[in-house]
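Subject: Structure for your review

Hello,

Here is the structure I said I would pass on. My notes on what was found in it follow below.

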Amino acid sequence: MTATSAVRPKGSVRNPLGRAGHLFVSGYFVLLVAFGVLPTGYALWLALSNSRGQYVGFGNFTRTFSDYRFGPAFAHIGLYLLVWLAVLMVLVVLLALMLHGRMRRTASTLRFLFYLPGALAGVASVLLWLILLDPASSPVGWLLDAFGWHTLAQVIAPGHLPVLFTVIAFWTGAGGWIVIMYGALNNIPDEILEAARIDGASTLQIALRVQIPMITKWIAYMLILAFAAGTQLFVEPQLVATASWGMIPDSWSPNQLSYQYAFQAGDFNGAAALSVDLLLLGLGCAALVVFRAGLFGRD
């Protein structure tokens, strides 16, 4: 008889919490494998084979890379991500700090208002913005006229698209992140904030030296998911391209280009290669953020 068995009472259940944990995550695990791991594996096989199922190595990757649309599509999405992630991180953290501080009395109402646009589906949101951005029908047409934009074509000019898509994405998706960051700020013990005030720290100093460093992991988590979602931009440029009557290319984003390969040219292998490119890009940037921010380190 070992020392462990001597201490454990007879008939006791070994680690019941572990079994309960496995039961709770089993449903997610099954869905993850069915709709995440297996489709990813299938896409990887398509990317490495041809239409007859023969292994071709990196042939599909080199073929899509040499496409004249490949470079502009990734340049467009790179510029959009640069603008979108910078605006998201600055404004979300700033608004969360304001809700946690001077606007605490109205925080519940404002959190609801921030979150409300996210209830709209992506297509409905873009259609709403197309109406708002059309000077002929927009309730803020006077503001668009003040910028010298008198037609929808002028508003959705190719050079404006990264900023316009950032505005749409922030309006639809930032509310949820504001709520998450507000919750992260609430987890900071009041004793730490009170000690900083006693030491003479101003509101700005507390935000920069106490609050933001203590929610760095949440900011990193937001950055990873927002980057992954941003690389998959499809609905917004697709609808804007339709509304522009050909002024905006239908391969503006890599996801649109992948759609063209799959459903216009019938080349699912090339489309899979583009999807794997986006996957590797997302994984690489996520790994960089994880290690730089110490996302999985112990507190």
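Helices here are DSSP runs of at least four residues, numbered from the N terminus. Please keep in mind that the model is predicted.

Salt bridges

The count comes to three salt bridges. One of them joins the side chains of Arg 63 and Asp 267, at 2.5 Å from N to O. This pair links distant parts of the chain: Arg 63 belongs to helix H3, while Asp 267 sits in the loop between helix H14 (254-264) and helix H15 (268-293), 204 residues apart. Arg 63 is partly exposed, at 34% relative accessible area. Asp 267 has a relative accessible area of 15%, so it counts as buried, because the cut-off for buried is under 20%.

Ser 51 also comes close to Asp 267 in space: their C-alpha atoms are 7.8 Å apart, although 216 residues separate them in sequence. Ser 51 is in the loop between helix H2 (16-47) and helix H3 (59-65), and it is exposed, with 67% relative accessible area.

A salt bridge also forms between the side chains of Arg 69 and Asp 67, at 2.9 Å from N to O. Arg 69 is partly exposed at 23% relative accessibility, whereas Asp 67 is buried at 12%.

Arg 197 forms a salt bridge with Glu 194, with the closest N and O atoms 3.5 Å apart. Both residues lie in helix H10 (residues 190-198), three residues apart, which is about one turn of the helix. Arg 197 is partly exposed at 46%, and Glu 194 is partly exposed at 40%.

Aromatic residues

The whole structure holds twelve aromatic pairs. Among them is the edge-to-face pair of Trp 218 and Tyr 221, 6.4 Å centre to centre with 90° between the planes. These two are about one helical turn apart, because three residues separate them in helix H12 (residues 216-231). Trp 218 is partly exposed at 39% relative accessibility, and Tyr 221 is partly exposed at 37%. Elsewhere, Phe 234, Tyr 259, Phe 263 and Phe 268 form one aromatic cluster.

Val 90, Leu 91, Leu 94 and Met 98 make up a nonpolar patch on the surface, with about 320 Å² of accessible area together. Val 90 is in helix H4 (residues 70-100) and is exposed, at 55% relative accessibility.

Helix H9 (residues 161-186) has 26 residues and should span 38 Å at 1.5 Å a residue; its end C-alpha atoms are 36 Å apart, which agrees. H9 bends by about 50° at Gly 173.

Regards

Terms used:
Residues numbered from 1 in each chain as written. Predicted model: local features only at pLDDT ≥ 70, side-chain atom pairs only at ≥ 80, totals over all residues. Heavy atoms only, no water. Expected span 1.5 Å × (residues − 1). Bend = angle between axes of the 7 residues up to and from the residue. Buried < 20%, exposed > 50% of the residue type's maximum accessible area, 1.4 Å probe, protein only. Patch = residues over 30% accessible without salt bridge, like charges linked within 9 Å, V, L, I, M, F, W, Y side chains within 5 Å. Areas by Shrake-Rupley, 256 points an atom, 1.4 Å probe, with all protein chains shown as cover. Salt bridge = Lys/Arg side-chain N within 4 Å of Asp/Glu carboxyl O. Phe/Tyr/Trp six-rings, centres within 6.5 Å; stacked < 30°, edge-to-face > 60°.
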